[in-house]
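Me: Please take a close look at one strand of this model and its surroundings. I would like a connected account with every criterion stated.

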Amino acid sequence: MSQLRAMTEQNTFNRMRDSWARLKHKAKLWGLRRARNKDYQEYLTVQFDRTFSKRNQIPARRNSILMERLVELGDPPRDGAVLCVGPRDAFEVDWFRGKGFSNICGIDLFSQHPDVLVMDMHHMSFPRDTFDVVYASHSLEHSYRVEDAVAEILRVAKPGALMGVEVPIKYNARGADRFDFGGVKGVLRLFAPHVTKVLWSDEQEPGTPLNWSGTAIARTVFLINKGHGVVGACAQPRSGRI
Ligand SMILES: C[S@@+](CC[C@H](N)C(=O)[O-])C[C@H]1O[C@@H](n2cnc3c(N)ncnc32)[C@H](O)[C@@H]1O
């Protein structure tokens, strides 16, 4: 009986600790929600709730395949600035640090690590031309307006920056997963006409040796230029292929 009571007390304590942690992180999200319309605020809440509920999950190891290709083929300078868009946890920043990069930063809607800043991918506070590398794995499909997120990425990327993008494809986009880019072409179209050179592209069905997730994926590594003015993209809001 006393064991049962101890378990109940422990559960209550864990629940209270979780609620407190959630509240603390959510308070930061309020800063991002300010001055946004209701639909956008709802969007941020949906994204936050989804990622926060997964905060203790072990990061998917699939991620390192794209990072490996990016570093191998792009060979960015180790003292260059790296941005991880929507890393959720410290796995991506730690991975780049492990490869000798020293200037890495992630942005997400909550943070459990000093190198991950709480920032919205559509409204970054970095100056233009800041990053040598931008890495966005399974984050662009979570954007509110993907063309705005891409324009913001292009703003903060240096001319000639190296870009790595991975997204799920051919899936049922709904809830926090807002877009299906259909394939590598759909991703590259978003960045056109700023793509100078595609270094590597790959599409994988679910459950292959190069994709052990349950969804098909598209990933690509490319170089961007910024010589054509403001980015024009072709995304449609909400679900459906773009
Ligand atoms: C599916 S997780 C991807 C995590 C990791 N990059 C990976 O490849 O497994 C998507 C991440 O994007 C973040 N995200 C969603 N909307 C965002 C926004 N507007 N600004 C910044 N991050 C956002 C979510 O909070 C979440 O942590």
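**Strand E5 and its surroundings**

Reply: Strand E4 (residues 131-137) and strand E5 pair in the parallel sense over six bridges, where pairing requires that DSSP finds at least two bridges between two strands. Helices (H or I, at least four residues) and strands (E, at least two) are DSSP runs, numbered from the N terminus. The chain passes from E4 through helix H5 (residues 146-156) to E5 in a right-handed β-α-β crossover; right-handed means that, with the strands pointing away from the viewer, the path from the first strand over the helix to the second runs clockwise. Within E5, Val165 is the bridge partner of Ala136.

The model is a predicted one, in which local features need pLDDT of at least 70 and side-chain atom pairs count only at pLDDT 80 or more, while totals for chains, interfaces and linings use all residues. Residues are numbered from 1 along each chain as its sequence is written.

E5 also pairs with strand E7 (residues 216-224), here in the antiparallel sense over eight bridges. In E7, Leu223 is the bridge partner of Leu162.

Strand E5 (residues 157-169) is mostly covered, with 10 of its 13 residues buried. A residue is buried if 20 or more other C-beta atoms lie within 10 Å of its own, exposed if 12 or fewer, and partly exposed in between, with C-beta atoms placed from the backbone.

An α-helix has 3.6 residues a turn, so residues three or four places apart point the same way.

Not counting residues up to four places away in sequence, Val82 touches residues including Phe96, Phe101, Phe131, Val133 and Tyr135.

Finally, the loop between strand E3 (116-118) and E4 holds Asp120. Asp120 is buried because 23 other C-beta atoms lie within 10 Å.

Key:
Two residues are in contact if their C-beta atoms, placed from the backbone, lie within 7 Å.
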